[in-house]
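Please open the model in the viewer and keep the sequence panel beside it. The tour moves from a single residue to its chain and then to the contacts between chains.

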4 protein chains.
Amino acid sequence: MDDDSRAARWEQRTEIPLFVAALVFLAVYATRVLATDLPVFWRHLSTYLLLALWAVSAVDYAVHWRLSGQGLRFVPTHVLHTLVLVLPLLRPLRIVPLYEAVQHRSGQPRLSLYARVISYAGLSALLLGFAGALAVYQVERGKPGTTMHTFGDAVWWAASTLSTVGYGDVVPVTFFGRLIAMVMMTGGLALLGAVTGSFSSWLMRSFSREGDERPPGR
Amino acid sequence: MDDDSRAARWEQRTEIPLFVAALVFLAVYATRVLATDLPVFWRHLSTYLLLALWAVSAVDYAVHWRLSGQGLRFVPTHVLHTLVLVLPLLRPLRIVPLYEAVQHRSGQPRLSLYARVISYAGLSALLLGFAGALAVYQVERGKPGTTMHTFGDAVWWAASTLSTVGYGDVVPVTFFGRLIAMVMMTGGLALLGAVTGSFSSWLMRSFSREGDERPPGR
Amino acid sequence: MDDDSRAARWEQRTEIPLFVAALVFLAVYATRVLATDLPVFWRHLSTYLLLALWAVSAVDYAVHWRLSGQGLRFVPTHVLHTLVLVLPLLRPLRIVPLYEAVQHRSGQPRLSLYARVISYAGLSALLLGFAGALAVYQVERGKPGTTMHTFGDAVWWAASTLSTVGYGDVVPVTFFGRLIAMVMMTGGLALLGAVTGSFSSWLMRSFSREGDERPPGR
Amino acid sequence: MDDDSRAARWEQRTEIPLFVAALVFLAVYATRVLATDLPVFWRHLSTYLLLALWAVSAVDYAVHWRLSGQGLRFVPTHVLHTLVLVLPLLRPLRIVPLYEAVQHRSGQPRLSLYARVISYAGLSALLLGFAGALAVYQVERGKPGTTMHTFGDAVWWAASTLSTVGYGDVVPVTFFGRLIAMVMMTGGLALLGAVTGSFSSWLMRSFSREGDERPPGR
C-alpha cells in the first residue's frame, strides 16, 4: 500500500471525528467568551478541553505530513491545514472540505463549480465572522476607550469588516484586537475575490454557451 | 401536459398581476413608513393590504413548488423566490426577471449579456437600496443614540453601504437595523461581483474578437 | 454619402474643438468655485461662458443624434454622450475617447487592450475626482455642520470615495452634496470593475499563452 | 553583442547588490523614523546613506535606459522602475521581480501563474503597507489634530486603507500624509484587482479542465 492511499484512508477515517471536534471547539470557545460568570471549575475544564482539541488537530497535522512524504514542501502546499494549526479559531473552516467529502460519499451530484464557490465563500464568511467576533470581543471587552460593549457590537464590526464596508463606529483599539482584525481584512479581500471571480467565470461560461447556440454566421 | 409546461403557463399568466402586486407592496410600505401621521384606519388598512400581498406571494410560491415536482430540491434551486418569501421587502427584486419576460414576449431583441447584467445590477441596487432604507428607517427612527434623523439620512446610508464605501457618519444602532444592514452588505458584495464580473467578461470577449481580426502571424 | 460616413466626418472635424471646449469648461468651473472673491463682472462672464460651452455640447449631441438616424434608440446606445449632456461637469470624461482618436490618427501603435483600460480608468478617476470635488465643495462650503472646510478636504473626500475606502472623516451633509456623492460612488464601483476586470483578462491571456508555449504532452 | 544581451548581463550582475540595497534602504529609513532620539551624528549619517542608496537606484535606472536604446519610450514601458525612482520608499517592491529571478536561476520549478500573482500581491501589500505606514507616521507625528499617536496606529491605518475597509478612526490630516494615502489607495485598488483577477482566472481554468474531463455528450 503506497503513501497516497494510506493518506486517503487516514482522511476517510478521521473525517467525522474531526468534524465533530471542530464544532465542539467553536462551541466551547464561544461558551468561554460569552458566559462571563462561569465558575472556576468549568473555566479550567474548558481550557483543558480547548488544549486537548488543539492537540487532536496537531496530531492530525503531523500524521498528514508524515503520510504525504513531502518533507518541507508539505507546508506551502497545505496552507489551510497549516493556518488552522497556528490559529485554532479558524479550525471550523475545515468544515467546508469535510462537508464536500461527506456529500461526495453520499453519492449526491456535486453542485456546479460556481455554486460551490459562492456557497463556500458564504459559509467561510459566516464562520470567519463568528470566530473573529468571538476572538476580538474576548480581547477588547472592558478595555479603556473601547467601542465594543456587547457581543452584538463585535458581530456588527465583523460584518462591516468582512464586507470591506468599514463604518468605523465600532473598532478594535488593542494590539491583539487589531491583529485579529488584519487577518479578517485579508479574509474579506479573499471573499470579494471569490464572489467576483466566480461570478465573472459563470458569466463567461454562459456567454460562450450562448454564442454556441447561435448560428456561426452571426 | 407535463409539469414543465404547466409551470411555464402559470408563470406566463401570473406575471403581470405579480408585477403590479410587487409595486403596490413597495408603495404601501413606503407610505406606511414615511407618512408618520397616518390615521388609525389607514394604518390598519395598510397592514391588512401588506399581509394580503404577502399571502399572494406565498400562494405563488406554493404553486411553483407544487408544479415543479422537485420536492425539497426546490428550495436551494429557487433562491430568489425563497428569499423574497422570507423578506417580503425584497419582492420588488422580482421586477427584474419579469421585465426580461415582458421584453422577451414583446419580441424586442435582447441586450447583450453584459449590458443585461449591468442594467440588472443597477436596477437591483436601486430597489435594494430603497427597500433597505425604508426598513432601516422604520426600525431606527427615534431610537436613542441614532444618527438617522430623516429618510434622506437612511437613503444616504444605504448608498454608502451598497457601494461598500461605508463612511460611518450614519449607522444603524439597533439589533434589527443592523440585521437589515448585514443583508444589504451581502447585496453590496454581490453587486460588486456582478459589475466587475460582467466588465471582465466583456473585456475578455472584445479581446478575443480583436485577436481574431488580426492576422495570425502577429 | 451615407449617414455613417457623415457622422464619422462630423466627429473627425469637431474632435479638437470639443477637446478644447471640455478643458476650458473644467478650467472656468474650477476658477469659479475656487476663486471666491471674483468680481461680479467676471462672475457673470464665467456663468455665460459655462452656458455657451454647454450649448456647444448640446448642439454636438443633437447633430450626432440626427446623423445616427437611430431615433430613440440613440439614447441607450450613447450612454456616455447622454450622461455628459445632463451632468456637464462630466464633460472632460470625453477627453478619453478623443485622446484615443488623436493617437489613432497620428499613426502610433495602439496600446494593448488591458493597458488602455487601466490608463482610461486612471484618467477617468482623476477627472471624475477633480470634477466631483469641485462640485461638492461648491455645494457644501460654509454649510452648518460641514466637515469640508477647504478644497483639499474635498479632494481628500473624493479620493476616499472613488477608491471605496470611505474613511468618513470628511463627508457631505447637504442634499445636493450627497446626490453628487452617489454619482461618484457609482463611478468608484465602475472603476473597481474596470481595474479588476482588465487585470483578470490580462491574467487569463498570459495564462493561455503560457499554456501554448509548453509542449502539449504536459 | 547587441543591446538586449548587454541589458540582460547588466541586470544579472546588479541583481543581488540592488536587492541588498533595497533592504538596507528600508531598514535605514525605518530606523530614522522610529528611533526619535537618534544622536545628531547618526541622524546625518542615515540621511547621507539614504541619498547614496537613492543615487545607486538612479544610476541603475540611467544604465537601463541607455542600454534599452528606446529613448523616451522607455518611461511608459518601465512604469515600476520609474515609480521606484520618484518614490524611493517603494524601492523594496523591486524585491518581487528579483525574488523571481533568483528562483528562476536556482532552477526551482516556477509556481503556477495564479499562485505567483497571489503571493506577489501579498508581498507587495506587506511592503507597501510597511513603507506607507512609516512615511505617513513621519509626516503626521505630533501634528495638531492627528489621530496617529503611535507607529501601531499608522500600521493599523495602512491595513484598513489597503484592504479598502477604511474605518476612519485613524486618518492622516496633513497635506503630505493625505498625498501618501492616495498613493496607497491606488495600491489597494490594484491589490483587489490582482486578488480577484487571479482568483477568477484560476476558476475559469479549473472549470474548463473539469469540462474536458467529462464525456462530451454531457
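Is A:Thr164 buried or exposed? Select A:Thr164 and display the surface around it: A:Thr164 is buried, because its relative accessible area is 1%, where buried means under 20% relative accessible area, exposed over 50% and partly exposed in between, with a 1.4 Å probe and protein chains only.

Before going further, note that this is a predicted model, in which local features need pLDDT of at least 70, side-chain atom pairs count only at pLDDT 80 or more, and totals for chains, interfaces and linings use all residues. Residues are numbered from 1 along each chain as its sequence is written, chains are lettered from A and ligands numbered from 1 in the order in which they are written, and side-chain values use heavy atoms, with hydrogens and water left out.

**Around A:Thr164**

A:Thr164 sits in the loop of chain A that lies between helix H7 (151–162) and helix H8 (175–213); helices (H or I, at least four residues) and strands (E, at least two) are DSSP runs, numbered from the N terminus. Next, display its contacts, that is, residues with heavy atoms within 4.5 Å. Apart from neighbours within four places in sequence, A:Thr164 touches A:Gly188 and A:Leu192 in its own chain, B:Thr164 in chain B, and D:Ser163, D:Thr164 and D:Val165 in chain D.

**Chain A as a whole**

Now select chain A and colour it by secondary structure. Chain A has 8 helices and 0 strands, and along the sequence the pattern reads α-α-α-α-α-α-α-α. Of its 218 residues, 44% are buried. Among contacts between residues at least 6 apart in sequence, 63% join residues at least 24 apart. A surface drawn over chain A exposes about 11300 Å², with carbon and sulfur atoms supplying 68% of it; accessible areas come from the Shrake-Rupley method with a 1.4 Å probe, and for residues only the protein chains shown count as cover.

**From chain A to chain B**

Then select the contact itself, which takes 23 residues from chain A and 27 residues from chain B. The two chains bury about 2300 Å² between them, 71% of it on carbon and sulfur atoms; buried area is the accessible area (1.4 Å probe) that two parts lose on being put together, summed over both.

Zoom in on A:Asp153 and B:Arg178, whose side chains meet in a salt bridge (2.8 Å, N to O). A salt bridge is a side-chain nitrogen of Lys or Arg within 4 Å of a carboxyl oxygen of Asp or Glu. On the side of chain A that touches chain B, H7 and H8 of chain A are the elements that give two or more residues, and H8(A) gives the most, with 10 residues.

**From chain B to chain C**

Finally, bring in chain C. Chain B superposes on chain C by a rotation of 90° with 0.0 Å of shift along its axis (RMSD 0.1 Å). Their contact takes 23 residues from chain B and 27 residues from chain C, and the buried area is about 2300 Å², of which carbon and sulfur atoms give 70%. End at B:Asp153 and C:Arg178, where the side chains form a salt bridge (2.8 Å, N to O).

How values were computed:
Copies are superposed by least squares on the C-alpha atoms of residues with pLDDT of at least 70 in both.
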